[in-house]
Amino acid sequence: MDSLIQVRDLVKVYSLGEVEVQALRSVSLSVERGEFVAIMGASGSGKSTFMNILGFLDQPTSGRYLLEGINGENLSRDELAEIRNRKIGFVFQGFNLLSRTSALENVELPLTYAGTQSSKRKEMAQKALSEVGLKGREHHHPSQLSGGEQQRVAIARALVNQPSILLADEPTGNLDSKTSEEIMSIFQRLNRELGITIIMITHEPDIARFAKRNILFRDGKIVDDHKNSAPTIAGGRSELK
Amino acid sequence: MTRLLASLRIALRALMVNKMRSALTMLGIIIGVGAVIAMVAVGSGAKRRIAEQIASMGSNLIIVLSGSSTSGGLRFGSGTVPTLTVDDGKAILNEIPSVRYVAPVLGGGAQVVFGNQNWSTIVNGTTPEFLEIRDWFLSSGRSFTQQDIDGATKVCLLGKTVVDNLFGGIDPIGQIIRIKVVPFTVIGVLAPKGQSTQGQDQDDTIMVPLTTAQKKLFGMQFPGMVRVIMVQATAPEVMKDAESQINDLLRQRHRIQPKQDNDFSVRNLTEIMSTQEQAANVMTLFLGVIASISLIVGGIGIMNIMLVSVTERTREIGIRMAVGAKRWDILFQFLIEGLILSILGGILGIGIGMIGTFIVSSFTQWPTLISPFAILLAFFSSGVVGVSFGFYPAWKASLLNPIEALRYE
């Protein structure tokens, strides 16, 4: 029961009209606190479906998923929203920031839905932004920031509620290799210094090498799960902070 | 509370981003509310004017006109031949219990002269009860009394229009004017009453004692004849009874056989007026309904734009849901957008409606009345429109699946 994430016999079936698609076929897994996991697999291997279920965005067809002992089964949409708000931080491939909204306000968003007071919100959002090295850029809008900076705003937004896990879906998919390494260096530092558990989807082996554990999905199943004995250390600018 | 304020800020920002679109959407509501305000103002203005005219006519008023005359096959209108007498009036007062006052009137046109000014007006010979029946007061001086009637004294009361035309600044009380050629002393001035229902100037008149009119001004072949008898009933409920009782009494007194026509006619003016009042009520309602339709069309405009806005912002909704927005948060965010559009549109519409009313009344001279009730109603209904037409798009937004919304391009 100590594991942060416990997944047992997870099955997800989509029915597209009359055709049934088995996205996940009996996936079992456990993740401990402080891990940095990279999930790999070709597109259609079920890794995104798995991520959606881990993030309480979707419900499994059968099987069990516990996050810190919380079972998402039979919970209402609003209850799932609350779990997402308090326990999970999302980082997406396309950044998914609100345009025409400053970096600071983007980071404040989860706190707004948590009902945090305005002054406290600002303080926490500012702290999260300086954590990812964006101090001084709080009032820039996403269109005024580079791709790497936008992703760092997204990471700050994912961190601001002090979640149990950070879920990243292809976080470097839209970035060049240099910027990707910067993002990885932030992930490694957050994992190492703040002990934040990170689960990251990627299809690039180079990126997966930054993680401490690699899991490979194929056809809705885990086909490989091994510890990465010597993860690559990223040397991005944020290390110089 | 924090979340409420946050939703309000989000909604305001979204509206500010699409300024042109927001303004055009609001225009529908502005026109709708403005139309309601202006139309109801025109309707209630007409209603008030009629109510004022009813009040100025005197309450529970029945008019008995002397009969039509026939001469060489031509029939002339009511009142052309005096068939009523002062005694008819006395009989009506004494024998019909539901009658409070009776005032016989004998009048006609006459030229009046004061100094070097002259004026043509209506001179009515009547009794002091006339003023009671018409709810008419004096603005200065005194009314004539029973002694003036008995003695047929040459005194008169002037309407405001006559005073303005003959005296121009001089106090008329105590002055001598000549009606036809007979000198009369002015003892009082009547308070202004304005136009009658038919648009006549009720202040263009002179009143003299009935007996004086009979003997000195409008000499008759048959003494004691009058053209009109004004009757006031005791209450609105007895008007109908009083009307038919007067009819029966006068038929009997004039010895009219069962199949013969009356040589007089009885008119219930209050009834005629209240019919007009009802017509004005119907008109107000009708105008209000038409204007409300434009308000509903404005509401549909809000719904349309909100649906577009929800589709456009599907991804934003997905992001909000992913970071923990509940259904209610999304619903409220969009509902409040619709509400801001409609309430702001409502406020502007009230302003436009008031300006429109002012323009209408200054161009057409129609009486208008903007009641606080109409303003409140328009404001309230714009809010209701905002909530009811904004609800469906907001509800639709709140039902989006976060995964699909996030994937939306």
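This briefing walks through a sheet, a helix pair and a chain-to-chain contact. Keep in mind that the model is predicted. In chain A, 4 strands make an open sheet, while in chain B we look at how helix 2 and helix 12 pack. Then there's the place where the two chains touch, with 17 residues from chain B and 22 residues from chain A.

**The sheet in chain A**
- The strands of chain A line up in the order 2-1-4-5, and their pairing is antiparallel.
- Strand 2 (19-31) and strand 5 (70-71) of chain A sit at the edges with a single partner strand each, so one side of each has no neighbour in the sheet.
- Strand 1 (residues 5-16) and strand 4 (residues 62-67) of chain A run antiparallel and are joined by 5 bridges.
- Looking across to strand 4 of chain A, you'll find Ser62(A) as the bridge partner of Val11(A).

**Two helices in chain B**
- Helix 2 (residues 19-57) and helix 12 (residues 372-398) of chain B pack at about 155°, and their axes are 10 Å apart.
- That angle makes the two helices of chain B roughly antiparallel, since angles over 145 degrees count as such.
- Helix 2 of chain B contributes Ile29(B), Val33(B), Val36(B), Ile37(B), Val40(B) and Ala41(B) to the contact, and helix 12 of chain B brings Ala374(B), Ile375(B), Ala378(B), Ser382(B) and Val385(B).
- Sorted by class, the residues of this helix contact are 10 nonpolar, 1 polar and no charged.
- The crossing of helix 2 of chain B with helix 12 of chain B is right-handed.

**Where the chains touch**
- On the side of chain B that touches chain A, helix 1 (2-17), helix 10 (314-322), helix 11 (327-364) and helix 13 (402-407) of chain B each give two or more residues.
- That side of chain B has 10 nonpolar, 2 polar and 5 charged residues.

How values were computed:
Residues are numbered from 1 along each chain as its sequence is written. Chains are lettered from A and ligands numbered from 1 in the order in which they are written. This is a predicted model: local features need pLDDT of at least 70, side-chain atom pairs count only at pLDDT 80 or more; totals for chains, interfaces and linings use all residues. Two strands pair if DSSP finds at least two bridges between them. Axes are lines fitted to C-alpha atoms, for helices over the stretch in contact, and angles run from 0 to 180 degrees between N-to-C directions. Angles under 35 degrees count as roughly parallel, over 145 as roughly antiparallel, 65 to 115 as roughly perpendicular and the rest as oblique. A crossing is left-handed if the near helix is turned anticlockwise from the far one by less than a right angle, and right-handed if clockwise. Two residues are in contact if their C-beta atoms, placed from the backbone, lie within 7 Å. Ala, Val, Leu, Ile, Met, Phe, Trp, Tyr, Cys and Pro count as nonpolar, Asp, Glu, Lys and Arg as charged, and the others, Gly among them, as polar.
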